[in-house]
Amino acid sequence: MIRKALFTTTVFCLAAISHAVEPIDFNRDIRPILSDKCFHCHGPDAKNQKSDYRLDTEENLFADLGGYFGVVPGNLEDSELHYRLHTDDPVEVMPPPDANRDLTKTQKDLLDRWIKEGAVYDKHWSFKKVERPEVPQVQAVEWCRNPIDHFIMQRLESEGLQPSADASPETLFRRASLLLTGLQPESANAPAGQEAYLAELDRLFQTSDYAERQTLKWLDAARYADTDGYQVDRERSNWPWRDWVIRAFRENKPFDQFTIEQIAGDMIPEATEDQILATTFNRNHRQNAEGGALAEEFFVENVIDRVETTFTVWQGLTMGCARCHDHKYDPLSQKEFFQMYAYFNNIGENGTGQGTRANPVQDFASPLVEVPAEYVTRRAEAAKQLADAKKGLGKRREDWIASVLADIDKPKDKAWPKLKPISAKATGGKLVIQPDGTLFHTGKVGSVSYTIDWQADSELPVAAVRIDGLKDPSFTQQVGFSKSSNGNVVMTEVTLKHNGQEVPLVRAQATYSQKNFPAKNLVDGNRKTGWAIHAIPDEVASAAVYPGAPIMPKQGDAFQITLRFESPYGNHNFGKLRLGSTDNQLAALEKAGRLDAKLLAAIKLPKEKRNRGQSRQISDYFNTIDQPVMQAQKKADQIEKEMTAKGYGMVPVMVMKERAGDRMPAYLLNRGSYLEPQKDEPMQRLVPAALFYGNEDQQPKDRLELAKWMASGENPLTARVYVNRIWQSIFRTGIVKTVEDFGLQSEMPSHPELLDWLAAEFVESGWDVQHMYRLILSSRTFQQSSEVTADLLEQDPENRLLARGPRFRMDGFAIRDMALKSSGLLDPRIGGKPVKPYQPEGLWNAVSSGAGDRYRPSQGADLYRKSMYTYWKRAVNPPRQTIFDSGGREACDVNSRVTNTPLQALVLMNDVTFLEAARHLAQQSMQTHSQPSERIGAIYSSATSRQIGEKTQQILAENLQWFIDHYTKHPEEAAKFLAAGESPRDDSIAAEEHAAYMAVAHLVLNLDETITLE
Amino acid sequence: MNNPLLDSHLVENRRQFFGRSAHGVGIAALSSLLGRDFASGADASAGAAGSSATGAGGFHHPAKAKRVIYMFQSGAPSQIDLFDHKPKLQEHFGEDLRDHLEMTQRITGMTKNQASFPFAGTRYEFSKHGQCGTEMSELLPHIGGIADDICLVRSMHTEAINHDPAITFFQTGHQLPGRPSIGSWLSYGLGTANDNLPTFVAMVSRGTGRPSCQPLYDRLWGSGFIPTQHAGVKFMGVGDPVLYLNDPNGLDRSARRRMLDDLNRLNQEKLDQYGDPEIATRIQQYEMAYRMQTSVPELTDFSDEPQHILDMYGPDVQKRGTYAYNCLMARRLAERDVRFIQLFHMGWDQHGNLHGQLSGQCRDADQPSAALIKDLKQRGMLDDTLVVWGGEFGRTAYCQGKLTRENYGRDHHPRCFSIWMAGGGVKPGMTYGATDEYCYNITENPVHVHDLHATILNQLGVDHERLTYRFQGRYFRLTDVHGHVVKDILT
């Protein structure tokens, strides 16, 4: 990493100078060299390296190598390590010249000094338990406002650096506001004095903006997206979990609880729905639905993703490196990797298929979205109707069972008595009833439907109705059933009425179906799908449709059936047909597939002999065929569907759900490949020994215990890793720069004691995230000016020592949100379905599997939701976000990146989002102020939360004048410029003037200071 | 300041900046600014981390090629019907593969439950082309016509069997997402060679043979864990050629210039007050964007191309978003020293109706691909432009679905397939590697994906073992811990 290299250069030199008088610290000075330069061949991955000599543990480092030693404390001459590093012999020198791992002279000197000073060994710092260090004494004690400042000042004093002056109140408050909420403050009136500032911080913590901002960072870590990824990349609906996270941050849920619920909420005794929803964290992985993808392979990938993500997020370790072999640097063996795997493989998932169906899946509504009263009422009514419908259900069920049992003893009537139509109509052509009761259609038609009536001539039950398509010499020979070009038929839907009431049809089957045109399409409620018969070998094409339970007619009852042939293919309707029905529901049910042998067996058992499972099976089944329940259920479903479309309803969410019974075995996978499980040794569930404090029998036995271990103060890493990420979000770089890696290859903390002090504070505060932010934001360190001087730039270009405040460009999410806020367009709704703001045309359809896969932008207020709600498609990321360095949400991402490219300038220059925002920003200022200088000042303040300076005012006034002249000369240009965006414009404002102010506002939205946290 | 695009201008700007700044920022800052740009410089002195690429331009050894044009054929073209003639398959037409071979290759979920695996001999004629006599199918007459300029590798192999992992492997050296793509590695390692255009450009076209096909994804030209400015810039087939390139309606160039001038004045003002070098970068970022706005329209304007050149690329050349258009665009980008030009042509996934689909795919790809080679050659650019043509795996010798003499389908076959390369120090007029008579296994000179990557880097003067990026405590390489330069095919 290039920046890392630079940092190491600068600070390493500083360290070397200031440490010249200090003794060597193994963790700080020695292990990083050994790890980086030697472990690849002399490290923990003993199986895959040529040499037996290892430098990764104390035992190995000082081992007797057969009369000589790698390291002899205090004795340089007898230490083989010293000899190997310095020899000129090309065979003996280490590292070998072709390894590309040469040591610098400084590094060799450090190793020598370490040996001379006694070669003191120490456990890797981040694996040691956190102990709260003493707050150091400093000379500039009056400068310090809280303990953080002592740690910072101690280092500044040792480096001979002075802190910067305090930032102005308006700069400071804007900085705090951008950090906590991702939005600029409402006005340039900043709180004066510490007390007022702290009160404002407390107010910010109470806003949803704060919770949303924290959530956004968590979404990157949790690889949250709105599609499945891989090549098929279908939509999924895990967004209720995103809203769960927002609410957790809004309530300031303690981080240990936050952790336990997300890792193992499903296993908490008496787990609430909410706790189950939390576990989506580990189901945000990609899900492969590619045609040829093998479930076993992607099952393994999903579980491994969980292990890697969990370890990166909570432990800051690159556990994934131990998938294929023992870790090259860290004391994590491949076996330990798969022991960790064993905690996460037991949820009974299928490795492939669409996410919304990738069990375990459970329906959830957003915990944030408030359902409008109208829906609450309608839903309650539907629920009541359903409850009413269930009255008498028991009796109906018993009657039904009796009728089924009665049928069992009847001879099975395979014949389907023919029905005698009394009227027949077609929407096109003519449908004629022939003397023998068959129907014949004449005329050429496109799409057509038939409606046929008959009367019950007995009281025999109607268990099914059958439609027989018949051949005729006048039809097209190839298939033979119609006058279409090939004689094929596509029947799209069948509906049945009894005495004018529609009878829901629950299934259909056919004697023959063409591929991709199954009979079930006849009753799926979708007139775009159908049943077809191309290549049928038979003389009769029959399809039967089934009501849930047999209809019990009275003599003379009216029946009506409607057959639809509404496919896009012309004349694909049966030219000749007849209808029949059967009373033997058992005959029908046996074939239907839904009444399976187990169910039939259960029905045959006397009531008292059925066990609970069997009774349950019967009642579950009957609920799907009981007419009153079905009708009420249909209505309830309809309301849910409507609510879902509006984002109020329940959607399927992928969750964790530990399987009951024996657990799924886990094996070490040789080379990490699903094809090579080492079945001779099932993996126990164990956490890596290097991280575990306690007796073996206290090892976590399941995922819940694992979660509790992660969320305990005993865990050496969790608190350190999370406070480091908080630090990164505030100062751009963590105390440990490698936020994703706290292992042996990590970069040493710039302030190790401060990190431990913060970690201890975090645990003791009850894992209070807001407390940590408050603490850091109230430090003097944070409140320094971020002006850069030549000295500071030279001594500390990356501002790791913090002799100045943070200054960096905001991310793409915030830059858009800030522009929307300054213009008054930002929609304040929280949570809910993802939205689709403006996006350049053609992005989706250029690369998707079908050219028709288009991005359809949202409408109205949804265009102005916060960027965190933008629909995240993994295959084609929202361009604004990725151009500004956002990751792709394919995998866990905890780094923060800030690069600068011309593409970013192009977004701010030309994206309609910023033009429309500028138009509104200009409009607002013109509506509230009359003087040009006031208007310019208002535009500037809305965007930057600062009072405008004289020079800026002057440049912007010149800019305004130029554009007024320009648009007065080119009024047609003004009209075009003002047309940006969907939202309406205040027509009472003169267009030329409005356009000129819009240009000024647009310039202001492009300013470095507008998009920068300063 | 992190953008190699900006580099030469930054130097100039830094002089202005350091000359003017009240704070008199020193030389250390300058070197830190410079050092961030490349995988070079600072590391050597740091001796700690980062890449070990060296020197300005970052070459490890003299380069044969200055740039790469990679014509990726997404979906996996059938080597058996295009490049690797197997008369035995025709001879044993319809016989079960298992009667002839031990079937050790794993099979996708699409055909693993198939009752039989009948050999499908190609229905196409093969003939020898050029002086070298390389055998190719009648579907590729134009590529046949450049046989003496290309090196056909018949012994490629890969590990993935599904599209997503396989294409991700080809583009990033790893089956799972998260790694930088080849072009990003080169941008990171070598920096830019031009002032006004991106270093790495990607273009996508949809095949007419199979318009509904395997999708593509942003990460195929993404920069993974290396900084974002090394990601490929996608040239669009519709709308602005580069996202957000065009000025909005109602803002003409004079107005845009005025806006940028005043923006620069204000940013300069801030820089003078605040001294943060990031602000200087911001100013340059906008100037670079402005220059791109000028240079891209000139790039995409084909009116300066003579008719015979347009004719050479075929009838679709003027149609944005087609493969032919992208091929000519690739030549124009190459002329402007864009370092890595990545084309993706979709639709090569012939599981069924191979005859119907493949003829359309070849009609799209054959003439323009050959035209690009000829065009580069006649301009003397083929010598320093490395061209690669191929898909993500091969196709099976056995039929998927219904087999007839006229039509059949083929499933995925990663064990052996063909690609071709040209220019940039690759031997012309040769074939390399061979497969057995059923095109099931490689019999000679296997070339792995990592080997291809090592070879591409090698031709650009980069040692694939030494171009590294440290992430998560590891030194990552495009070729992971594998890869050998295929020296046999190099001049």
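What percentage of the 1014 residues in chain A is buried? In this predicted model, buried residues come to 51% of the chain.

**View 1. Chain A as a whole.** Chain A holds 36 helices and 19 strands.

View 2. Now we zoom in on β6(A), residues 464-470. Of its 7 residues, 5 are buried, so the strand is largely enclosed by the rest of the structure. As a reminder, a residue is called buried if 20 or more other C-beta atoms lie within 10 Å of its own.

**View 3. β6(A) alongside β14(A).** The partner in this close-up is strand β14 of chain A, residues 576-582. The pairing is antiparallel and takes in 6 bridges. To get your bearings, find A:Ile467: opposite it stands A:Leu579 of β14(A).

**View 4. β6(A) alongside β12(A).** β6(A) also pairs with strand β12 of chain A, residues 540-547. These two strands run antiparallel and are joined by 6 bridges. A handy landmark is A:Gly469, with A:Ala541 of β12(A) opposite.

**View 5. Where chain A meets chain B.** On the chain A side, 88 residues are in contact with 92 residues of chain B. Sorted by class, the chain A side consists of 39 nonpolar, 30 polar and 19 charged residues.

Note on methods. Residues numbered from 1 in each chain as written. Chains lettered and ligands numbered in written order. Predicted model: local features only at pLDDT ≥ 70, side-chain atom pairs only at ≥ 80, totals over all residues. Buried ≥ 20, exposed ≤ 12 C-beta atoms within 10 Å, placed from the backbone. Helix = DSSP H or I, 4+ residues; strand = E, 2+ residues; numbered from the N terminus. Pairing = 2+ DSSP bridges. Contact = placed C-beta atoms within 7 Å. Nonpolar A, V, L, I, M, F, W, Y, C, P; charged D, E, K, R; others polar.
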